Amino acid sequence: MKTSFNVHFNITFFDFFKSFFIYGQRYFLAFNRYRKSYKNYFSVLKQVRNQHFPIIAILKNGKKLILKNGPEAAIHAYGSKNFQINDDELTIKNEFLPNVSLIGWKDNADLYEIYFQNHYEKIPVNSKEVLDVGSNICDSSIYFVLNGATNVIAVELLPQNCEVAQKNITLNKMNDQINIIMAGCADKKSHAYFSSSKKGMGYAIDAADDDGIKVPLLTINDLLKFSKNESRILKLDCEGCEYDVILSSSQETLRKFEYIFIEYHFGYLNLKKKLESCGFDVKKTYPSYYYHKILKKKSYIGYLYAIRC
């Protein structure tokens, strides 16, 4: 994602150093999950890293598994018994909510954070409409409905992800609550082309192809035309589009949302300043350093939670 600002000036000096500590901490926690879940954890980690599949893994309880891919290894490493894998379909069981069934989960890592780490639990979606920009396979959109959202406008850039998302919506019987829109979100109305073979996560508008399926790029105001509820929440996880979207939007547009959740990718200072100037109380998590393989650039990732005052 091209940025019109210096990424290193979009975090503080303290943030910069802390980002590497958080980066290391994330890898340590991942290592620890594997250590606690697998008897042969070192062998499993080594083979996952080298992409040598299938892997014969032994859980701590002695049960043997044949791991066919990295996401399957990761989900078992969380140590949860509340899931079932049937070919490409993953069923997540929850004590207090209906079961969730997802296909296409092997190309999507966000479901671990959503369903096993509860990263979205702070978002007050109950009785609200959610504009979910960067909905991928609608794992997040389904989570919002299960937690009380009246309806979700799900916006996804990649055509193949949209096909999978629609299947997941139907699989979970949420066609009346989730409206999937194949589009990118930008500062002005336009379009881009994406190959039908692209799938998964991490793609931004800058990753567009020379030809392929024509995907519209819409502004927040364009997307609000699909709105059914004036009590709204905006969730942005769009691999860098958050800067064009937030910085170009008027105060009037942004204040149409009661709450804005952003996964920022290249620092947060300019986003925080803009939201505060529009009358939002903004909290942040510290950024973690991350090398974005698809965009081929260094990034500093974290979350912003903005409440309209």
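## The cavity and its lining

The lining of the largest cavity divides into 14 nonpolar, nine polar and six charged residues. Here Ala, Val, Leu, Ile, Met, Phe, Trp, Tyr, Cys and Pro count as nonpolar, Asp, Glu, Lys and Arg as charged, and the others, Gly among them, as polar. Among the 29 lining residues, Gly-134, Glu-156, Tyr-203, Asp-237 and Cys-238 lie nearest the centre of the largest cavity. A cavity is a set of points on a 1 Å grid over the protein atoms alone where a 1.4 Å probe fits but cannot get out, and lining residues have an atom within 4 Å of a point.

## About the model

This is a predicted model, in which local features need pLDDT of at least 70 and side-chain atom pairs count only at pLDDT 80 or more, while totals for chains, interfaces and linings use all residues. Residues are numbered from 1 along each chain as its sequence is written, and side-chain values use heavy atoms, with hydrogens and water left out.

## A buried glycine

Is Gly-200 buried or exposed? Gly-200 counts as buried because its relative accessibility is 7%, where buried means under 20% relative accessible area and exposed over 50%, with partly exposed in between (1.4 Å probe, protein chains only).

Leaving aside neighbours within four places in sequence, Gly-200 is in contact with Asp-107, Asn-136, Leu-158 and Asn-161; contact means heavy atoms within 4.5 Å. From C-alpha to C-alpha, Gly-200 and Leu-146 are 23 Å apart in space, and they are 54 residues apart in sequence.

Technical notes
On a 1 Å grid over the protein atoms alone, a cavity is a set of points where a 1.4 Å probe fits but cannot get out, and a pocket is an open set with protein on both sides within 12 Å along at least five of seven lines; lining residues have an atom within 4 Å of a point.
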